[in-house]
Amino acid sequence: MIPQEKVYSTDVSPYTQSSVSARVEALFLNNLGKVVTRQQIIRVATNPLTGKEPENWHQRLSELRTDKGYTILSKRDWALLTPEEYVMPHAERRAAAGRRVMPSTACWQAVLVRANNRCEWSEDGQRCNLAPGDKDHVGGGTVKLTADHMVPHSTNPATDPDDMSKWQALCGRHQVMKKNYWDSSSGKINVMGILQAVNERQKLEALDFLTNYFGHKPK
Ligand SMILES: [Zn+2]
């Protein structure tokens, strides 16, 4: 997914689409696999008629990822990028990105009954069992249970709002943990998600661990 080498876009063409989002999207699609800089994004985000520079281009960028399902690499994903550089490696979009399905009220009530009104997260056979109003001594704060769709949203979520077997009650800490670090399709820890999320020092520690583990150092 990460390009072989860093190639900078030299795009200076005009972008006349009517919305900031459409202009930024077109910029990335015209420069697949190339490094697009913050300056280039701001240039096309700027209203071509009024010359007004939008303050919220960063928000539009994140919507291309979350709502439209595009892959846009940043320094977090590729160490060679600076914090002001981005790459869309290909034009494929994750199916059903951004579509958020919720259980019906009756279904959620049935889930809470099954859950005995406690967090249903289970790890090594140990249930979390935190209840609403409890103090979470690990994550801090007061527990609130919310609905978690157990299978990835791309697999036909439309039929699930009334099916209690597709939902579980989770505390806030476990919602975050599952979202970021748990691959619900395989039931395994999302190691790559964790490595992407941690800071550079932690990435280097992981690299050090792996090179020791495999008995050689990379060039
Ligand atoms: Zn929990």
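Tutor: A salt bridge is a side-chain nitrogen of Lys or Arg within 4 Å of a carboxyl oxygen of Asp or Glu. The model is predicted, so local features need pLDDT of at least 70 and side-chain atom pairs pLDDT of 80 or more, while totals for chains, interfaces and linings use all residues. Residues are numbered from 1 along each chain as its sequence is written, and side-chain values use heavy atoms, without hydrogens and water.

Student: Is Asp136 buried or exposed?

Tutor: Asp136 forms a salt bridge with Arg173. Buried means under 20% relative accessible area, exposed over 50%, and partly exposed in between (1.4 Å probe, protein chains only). Arg173, at 25%, is partly exposed. With a relative accessible area of 7%, Asp136 is buried.

Student: How far apart are the closest N and O atoms of Arg201 and Glu205?

Tutor: Both residues lie in helix 7 (residues 200-214), and because they are four residues apart, about one helical turn separates them. Helices are DSSP runs (H or I, at least four residues), numbered from the N terminus. Arg201 is exposed at 52%, whereas Glu205 is partly exposed at 44%. In their salt bridge, the closest N and O atoms are 2.6 Å apart.

Student: How many salt bridges does the structure hold?

Tutor: The pairs Asp136 with Arg173 and Arg201 with Glu205 are among them. The structure's total of salt bridges is nine.

Notes: Helix = DSSP H or I, 4+ residues; strand = E, 2+ residues; numbered from the N terminus.
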